[in-house]
Amino acid sequence: MNKFKKISFYVLYSIFFQYLPNGFGIIGKLSNILRRFVCRRIFTETDEEFNVYNNVKFPFNGSLVMRKKSNLGPRALITGRGRVTVGCHVMMGYECYIITQNHKYLEEGYDGYEQKDVLIDDYSWIGHRVTILPGITIGKHAIVAAGAVVTKDVPDYGIVGGNPAKFIKSRRD
């Protein structure tokens, strides 16, 4: 798709589609279909079925990949230009923050920004108001507790929580 079309769909999403209501009734389902239609034209890559709930903010020039039956929770915020990949069957709570950009600094001082990709792997659960910092990988079947600030990678089947997020236990125990 050419850049003009992508910009046009991003503007439409920003001024109208992001504000459509969520829900399971006819209006909610129609809103989800319309948001999905527009987001397919903005995101880097999408599978057949995913959900973007209302008031989700993401950068126009970022790289977002959504796999099947995953969602971006209501009022989620994605910042930076790094790639964010949301795997299959990922559930996300309200107001999650995914950050892909950070200040780059040297011993002599500030030197711009650096982008780091974020991966939320298949079947993970991300709780309400979780913050995921740049360069983090959330493993398969992992659970991130509400309010956690994820500063280190989360292993497959790991359960983490807190600020900074600490390993609590494995789901396989």
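On helix H1, Phe4 and Ile15 are exposed, while Phe9, Tyr10 and Tyr13 are buried. The model is predicted.

**Helix H1**

- Helix H1 takes in residues 3-15.
- Phe9, Tyr10 and Tyr13 are the buried residues of H1. Seen down the helix axis, the buried residues of H1 fall within an arc of 105°, so they line one face of the helix.
- An α-helix has 3.6 residues a turn, so residues three or four places apart point the same way.
- The exposed residues Phe4 and Ile15 are on the other side of H1.
- The cover over the buried residues of H1 includes helix H2 (26-40) and strand E2 (50-52).

**Helix H2**

- The 15 residues of H2 should span 21 Å at 1.5 Å a residue. The end C-alpha atoms of H2 are 21 Å apart, which agrees.
- Gly28, Ser31, Asn32, Arg35, Arg36, Val38 and Cys39 are the buried residues of H2. They cover an arc of only 165° around the axis, which puts them on the same side of H2.
- Ile26 and Lys29 are exposed on the other side of H2.
- The buried residues of H2 pack against H1 and E2.

**The largest pocket**

- The volume of the largest pocket is about 170 Å³. Its lining has 14 residues, and Glu49, Phe50, Asn51, Lys69 and Ser70 are the closest to its centre.
- Two or more lining residues of the largest pocket come from each of H2, E2 and strand E4 (70-72).
- H2 gives the largest share of this lining, four residues.
- By class, the lining of the largest pocket has five nonpolar, five polar and four charged residues.

**The largest cavity**

- Rolling a probe the size of a water molecule over the atoms shows where empty space is left.
- A search of the whole structure finds one cavity of 30 Å³ or more. The volume of the largest cavity is about 80 Å³.
- The largest cavity is lined by 15 residues, and Phe58, Pro59, Gly62, Ser63 and Leu64 lie nearest its centre. Strand E3 (63-66) and strand E5 (77-79) are the elements that give two or more residues to this lining.
- The lining of the largest cavity has eight nonpolar and seven polar residues, and no charged ones.

**Isoleucine 99**

- Isoleucine 99 belongs to strand E8 (residues 97-99).
- The relative accessible area of isoleucine 99 is 23%. Buried means under 20% and exposed means over 50%, so a value in between counts as partly exposed. Isoleucine 99 is therefore partly exposed.
- Apart from its neighbours within four places in sequence, isoleucine 99 is in contact with Thr79, Val118, Thr131, Ile132, Leu133 and Pro134.
- Isoleucine 99 and valine 65 are 34 residues apart in sequence, and their C-alpha atoms are 15 Å apart in space.

**Backbone features in loops**

- Most residues other than glycine have a negative phi, and most peptide bonds are trans.
- Asparagine 55 is not a glycine, yet has a positive phi of about 60°. Asparagine 55 is found in the loop between E2 and E3. With a relative accessibility of 22%, asparagine 55 counts as partly exposed.
- Glutamate 95 also has a positive phi, of about 55°, although it is not a glycine. Glutamate 95 lies in the loop between strand E7 (91-92) and E8. Glutamate 95 is buried, at a relative accessible area of 12%.
- The peptide bond that joins asparagine 163 and proline 164 is cis, with an omega of about -5°. Proline 164 is in the loop between strand E17 (158-161) and strand E18 (166-170).

Definitions and conventions:
Residues numbered from 1 in each chain as written. Predicted model: local features only at pLDDT ≥ 70, side-chain atom pairs only at ≥ 80, totals over all residues. Heavy atoms only, no water. 1 Å grid on protein atoms, 1.4 Å probe; cavity = no way out; pocket = protein on both sides within 12 Å on 5 of 7 lines; lining within 4 Å. Points joined across faces, edges and corners; volume = space filled by probe spheres on them. Nonpolar A, V, L, I, M, F, W, Y, C, P; charged D, E, K, R; others polar. Expected span 1.5 Å × (residues − 1). Buried < 20%, exposed > 50% of the residue type's maximum accessible area, 1.4 Å probe, protein only. Arc of directions from axis to C-beta. Contact = heavy atoms within 4.5 Å.
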